[in-house]
Amino acid sequence: MIPVVSIIGWSNSGKTTFITHLIPELKKRGYKIATIKHDAHKFEIDKPGKDSWRHRKAGAAQVVLTSHEKLALIKEVTEQVELDYIMEHYIDTEFDLVITEGYKTGDKPKIEIFRPAVHEEPALPEDELLARIINDYQQPEMLAEKVIEIADLIEEKFLA
């Protein structure tokens with residue numbers, strides 16, 4: 001089973017920024033990374049007027065967009081699809097690690113990005129986390145230090 005680490009935190013805590021720095025660090029170390037982004041809000045990846053949008057509006061419950069470079073699946077669902085199901089059915093076995101953004105609940109190891117300047121309380125208690133990063137970095141080198149620290153932790157616990 002491919003290891004999964006969830007980067008969690010409240011909205012506007014810096015999760016995406018952290019992940020977009022963590023991925024290149026892990027790739028530099030030779031690991032192949034996949035990501036899964038959980039969105040608590042409704043999202044649209046196909047824009048009104050585009051062919052995929054028109055297909056869905058015509059009644060297609062599932063649309064696959066494909067080219068020589070990418071493949072995307074848009075599927076109507078009636079309830080939240082569980083992370084384990086996504087892992088089993090949509091993530092290829094070629095990956096060394098899956099990083100999720102979100103998924104505060106569930107049994108996967110979690111690293112919280114907490115920004116005290118924006119939120120009063122962390123999202124989860126310390127004992128439910130693998131680590132907590134306090135997003136108080138004002139300079140890029142502070143972010144880089146945290147990224148290396150977490151990459152080391154992930155490598156030690158899940159990739160060694």
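In this predicted model, start with an open sheet of 5 strands, whose order is β2-β5-β1-β6-β7 and whose pairing is parallel. At the edges you will find β2 and β7 (131-134), each of which pairs on one side only. If you ignore direction, neighbouring strands of this sheet are turned by 20° against each other on average.

Now bring in the helices. Helix α1 (residues 15-28) lies across β1 (4-8), β2, β5, β6 (110-114) and β7, and it runs at about 170° to β5. Helix α3 (residues 83-90) lies across β1, β2 and β5, and its direction is at about 135° to β2.

Over 5 bridges, β2 pairs in the parallel sense with strand β5 (residues 97-101). Within β2, which spans residues 33-37, you can pick out T35. Which residue of β5 is the bridge partner of T35? The partner is I99.

What else surrounds this threonine? Once its neighbours within four places in sequence are set aside, T35 is in contact with I23 and I99. T100 also shows how the chain comes back to this spot: T35 and T100 are 65 residues apart in sequence, yet their C-alpha atoms are 5.4 Å apart in space.

Finally, is T35 buried, exposed or partly exposed? Its relative accessibility is 45%. Buried would need a value under 20% and exposed one over 50%, so T35 counts as partly exposed.

How values were computed
Residues numbered from 1 in each chain as written. Predicted model: local features only at pLDDT ≥ 70, side-chain atom pairs only at ≥ 80, totals over all residues. Heavy atoms only, no water. Helix = DSSP H or I, 4+ residues; strand = E, 2+ residues; numbered from the N terminus. Buried < 20%, exposed > 50% of the residue type's maximum accessible area, 1.4 Å probe, protein only. Contact = heavy atoms within 4.5 Å. Pairing = 2+ DSSP bridges. Axes fitted to C-alpha atoms, helices over the stretch in contact; angles between N-to-C directions.
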